[in-house]
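Here is a walk through a two-part model, written for someone who likes to know the cut-offs. Have the viewer open as you read.

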Amino acid sequence: MNKIVQCLEQFRGGLACLWLLVILAAITLVVNHLIISDVDRFESNILRLLPEEHRFPLQEVVESKTSETLSNSILYLVEVGSDEYETRYSEFVQKLLDRQREFDLTVSTSVDARKSHDLLVQTLSEYRYNLLTNAQEKQLKGIGLIGRPQDVGHSGSMPNNAINGLIDHTIQDLFSPVPLKRELGFNEDPFALFSQWVINRFASDGVGENLALKQKGMTYQFEGHYYRLVWLKFTGDVFSGERRKQLLAFLQELESPLHMTGQGLLRAGLVFHAAAGEAQARREMSTIGFGSLLAVLLLFILTYRSFVPLVLTLLAISVGCLCALAFCLLLFERVHLVTLAFGASLIGVSVDYCFHFFSARQRYISSKIAINRITPAICIGLVSSVLAYGAQWLTPFPGLRQMALFSVVGLLAVWLTVVLLLPLVLSKGLGQFRLASGREDTPSLIPTFFRLLANRDLAKNLMVISTITVFCLAVLTFKDIQFEDDIRLLNTSPKSLIQQEQKVRTITGNRSTGQYFVVHAEDQQNLLSAEKALCTALDQLRQDEALSAFYCISALVPTVQEQRDNYLLQQLAIYGARTKPNKNESTSISEELNDVSALSVLSDRLELDASVIENIRQTFDAAEHTVLALDDIAVDLKNSAFDNLYLGKLQDSEHTAFVSVVRLEGVQSSNILSQLPQQLGIQQQSFYVDKVSFISTLLKKYRQEMIFVATFAYLMVIGMLCVRYGMNAFMVLAPVVLGSVSVLGLMAILSIPLNLFSVLGFMLLLGVGLDIGIFLQESHAQGHALQAVTLSSITTVFAFGLLSLSQTPVLYSFGIVVLPGILITWLLAWLLFSARSDSHDATAVGP
Amino acid sequence: MRFSLVFTGVLKCLILVAGVVWVSTLYADDAEPDQSGHTFSGASSNDASIQSTLSQSAASTSSATTTNIQTFLKKNEALQGRFEQTKSLSGMPFPLKSSGVFRIANANYLLWDIKTPIQSRMEINVEMGTFLVDGKKMDAAAEQNAATNVIGEIIVALFTSDWETLQQYFVLQSEANTAPENTAPTETGTWHMVLTPKSEALLQVIQRVDIAGERFIEKVKLLDQQSDVTQIEFFDVQPIRTDGQHPAAVEKP
């Protein structure tokens, strides 16, 4: 250790120059990557936190497609029901339409949804002969089988039940006084097969749901209130930007007259959640953040009575973050924002080095002596923290690996800055600052406080007793520790906003729960047939009530083969197959033979003209070669429940595929569904996505991995400390170990569950706690070291511990661990070391 | 200071993560969607907003009609009679004519018995929400169509001239004074009403209804969205006593 000190002393100038060069290089790199180059190097996709082998190819592409459509829309439910409300609604829509262009909005109302539904149905009607529901197919097959010419030969004019069923039903409808919704006229769809198909396919598409038949216009009815839907889509980033701010301000202005009475207006949209999250974070930043900043500033100035340490500390930390970022950019293609956030907080440990230096400087006046005295301590501090945080590199999770690299490089950079640059800066020309105020005749406020504290035996005893009580209680309740990896941890929205969102979804019948299947194939036909297999199974599951609804594009577009089969089936059963005239047989005979179709029977019953029937047949024959393709209806799908299901041809780094999504609603059990592709033998073409459980599982995996690796790393650190300090290692470890155990116990007592973010809090606690032990041990608990660790503890409590006051779950979990943890650790360290120095003093004075 | 760095970092991260979480978290409490809230039509006439609409539409209707027309049947009374129906369907070269007998009880029951040219018997029971054709329920596809029950209710209300029910669904306009044939002094009791649906949803099925009658209903003309026209004429309409029995069970006189 002394060698390092000597080395550093000898070559400090040269090394400092080198280090400055490295910093410059890092600055250039970061500036180049972040400011000059246009490529976005930051990653926010949570999927990227998964180990590579756990990712599905294409999932990310699908993910971004689906979340984009979700995130960039706003749903408004405007209350109507009286003329006054009605006027407000029209004003609301009109104002939106007026400024539609300015904000790049697409405004649609439920009337528009109905219109596009009608357009879609109209397009589909051109392909009506190719479309049959399962029930229709079964019914027609019944007719077709018996109705085949050779069978007729045997059965003669025997009544055909299947045919009679269809015809009776058709005739009943034709003569019924009740108006039935028919999509097409009699000559285009005599048996209303297409009308039935439309009802079957669109029954649960939301257009008809909750619609109040009594109100004017398209209206949703809910708990005695009537609402009309307005749907906005916008472009651009939901999460930031001036445009979003303007949009929100504009919307707020629009909303205000509607809010005045009762329910008035309900809204849903990610943009509101993002804004609420940001507002909350800003609010907390200005209260908690400002408070703690002020406290830390005061602390610095009261202790050192100069701005220089503050500026230099800030500089050192900035250098740390900068170098860490530069290295991450060098080694990783994209840097995840999670890495930045938590990596930066782990670098916080390095503020200890600065405090240690300044306190020693205050004590020894000379920067040179100060740095030489503390180098061993901050060396060991660095090694232990680097070991602990660096161990995360061993995990397969990219998020943790990036975090490991970031914190290790950051710590090292701060350390180098403290060891190499600070002594030079402070010795050259900056000495005139009143930094050397540590003499006995000019006692600063904080050290005086410590001296006072150290002499109060009563206070000391009380603290010992209370600490031991907490510890005992903690150990007793250890088994009650709970873990929680719920996704709601990540939610920052206020409850009222979430409730409103749920209400909107309930009213509009959109009960999507973030679960879906992705189907992919090399061409459209294979895609459709794979999806069809999946949907047939899903239909069975829906009847068993394993889910309430599903939407798939193959419900509207059958495969070419199916379309052909359906056409032939209708030809056989309904319209009558006509033998082509170029065949050798006599046409008239075969036409007659085939003419036992449902259409001719219906024509007989209704005594229709032959020409009418002939017309209907001709329309049917003319449609023989029409084939419905996915692209035919792509435009008409907008605003319908089938929108955004077919994603077209997608590409990622390795794959190109046609991709579609089967959206699920009201899923009861994810287990059954996730195994479905395997059971159907289409696991190569389809997989199940459950975002909720996915993110929860991800959080859990990260938490488990972190606990495991951190335990391993700290065992190594303990080993290292034992080698260096022998029996004294106990003194170093005791405070932080006891502190951590007490916090665990406290969490168990107060039944606060642990999650990934509390584990991160523990990591910080262990880093700072170990530093406390090491610094005190290395300096034999001298006044300047005690001052340094106290300052570091207090700043940590202010900076992170106060996050426990936050409303944001993630920040709260982090803070609730750090706050009591640091306090207890510091208290224990102070008690242990001052007790020892008392006994040292006693033995020293004794003889 | 380090925490301001961290704070902005965490803040950005949270907001980004919120995007992913948005949909999924919401559903978490969604397990108990309020089921009582959804009613498709319902006769929740004590509802304030309906009441207000009712009174408004009542005001816009000529007040003479509502006072002149007293078609509400007394308790324990049903109507029965003959009908002739002509239905012109788009794409059908000639209108479909049918005739038969009917029986109807105020606002909740209709028996429609077609005798010629086919035999078919339709029963609508609004109270029980059943819709039977030749003893069989309407097929599944039609039942999914949420409108079916409401249409049943409307048809029964039309044939019994149940203005209170009709006003919930339609804007009513009297044409009694404008129609020249109704100006004769002997026909002061006749009326002619035009009904247009209030809601877009109902417009999908019915575009306009004309009904006319004297003491009881005599003519109904129904235009649907495909501009199909259904015309029904009623003959020999007379009330019968049911004495608390179900109208279907009463013997024909």
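Is A192(A) buried or exposed? A192(A) is buried, with a relative accessible area of 11%; buried here means under 20% relative accessible area, exposed means over 50%, and partly exposed is in between (1.4 Å probe, protein chains only).

## Ground rules

This is a predicted model, where local features need pLDDT of at least 70, side-chain atom pairs count only at pLDDT 80 or more, and totals for chains, interfaces and linings use all residues. Residues are numbered from 1 along each chain as its sequence is written, chains are lettered from A and ligands numbered from 1 in the order in which they are written, and side-chain values use heavy atoms, with hydrogens and water left out.

## The two chains

Chain A has 847 residues, and 56% of them are buried. Its secondary structure is 30 helices and 12 strands; these are DSSP runs numbered from the N terminus (helices are H or I with at least four residues, strands are E with at least two). Take the contacts in chain A between residues at least 6 apart in sequence: 80% of them join residues at least 24 apart, where contact means heavy atoms within 4.5 Å. Chain A exposes about 36,200 Å², and carbon and sulfur atoms supply 60% of that (Shrake-Rupley method with a 1.4 Å probe; for residues, only the protein chains shown count as cover).

Now for chain B, with 253 residues, of which 51% are buried. Chain B has 7 helices and 11 strands. With contacts again taken between residues at least 6 apart in sequence, 47% join residues at least 24 apart in chain B.

## The nonpolar cores

In soluble globular proteins, nonpolar side chains tend to be buried together. The largest nonpolar core here has 128 residues, and Y353(A), F357(A), V418(A) and L721(A) have the most contacts inside it. A nonpolar core is a set of buried Ala, Val, Leu, Ile, Met, Phe, Trp, Tyr and Cys residues joined through side-chain atoms within 4.5 Å. Both domain 1 (1-39 + 305-442) and domain 2 (453-476 + 690-842) of chain A give residues to this core, so it lies between them; the domain bounds come from an automatic or database domain assignment. Apart from this core lies another, of 72 residues, including I171(A), Y169(B), W191(B) and F216(B).

Setting aside residues up to four places away in sequence, F357(A) touches, among others, S367(A), A370(A), V418(A) and L426(A). L721(A) sits in helix 26 (residues 691-725) of chain A and is buried at 0% relative accessibility. I774(A) is 53 residues from L721(A) along the chain, yet their C-alpha atoms are separated by 8.9 Å.

## Helices worth a look

Helix 14 (residues 367-390) of chain A has a kink of about 45° at T375(A), shortly before the proline P376(A). The bend is the angle between axes fitted to the seven residues ending at a residue and the seven starting there. Of the 24 residues in helix 14 of chain A, 17 are buried, so this helix is largely enclosed by the rest of the structure.

T825(A), in helix 30 (residues 809-845) of chain A, is buried at 1% relative accessibility. The side chain of T825(A) reaches the backbone oxygen of G821(A) at 2.7 Å. Leaving aside neighbours within four places in sequence, T825(A) is in contact with residues including P735(A), G739(A), L765(A) and I772(A).

Most residues other than glycine have a negative phi, and most peptide bonds are trans. A192(A) is not a glycine, but has a positive phi of about 55°; this residue is in the loop between helix 7 (161-175) and helix 8 (193-202) of chain A. S751(A), also not a glycine, has a positive phi of about 45°. S751(A) lies in the loop between helix 27 (729-749) and helix 28 (756-778) of chain A and is partly exposed, with a relative accessible area of 44%.

In chain B, a cis peptide bond joins T116(B) and P117(B), with omega about -5°. P117(B) is in the loop between strand 3 (109-116) and strand 4 (120-125) of chain B.

Key: A polar contact is a pair of N or O atoms within 3.5 Å; within protein, one must be able to donate a hydrogen and the other to accept it, and residues adjacent in sequence count only if both atoms are side-chain atoms.
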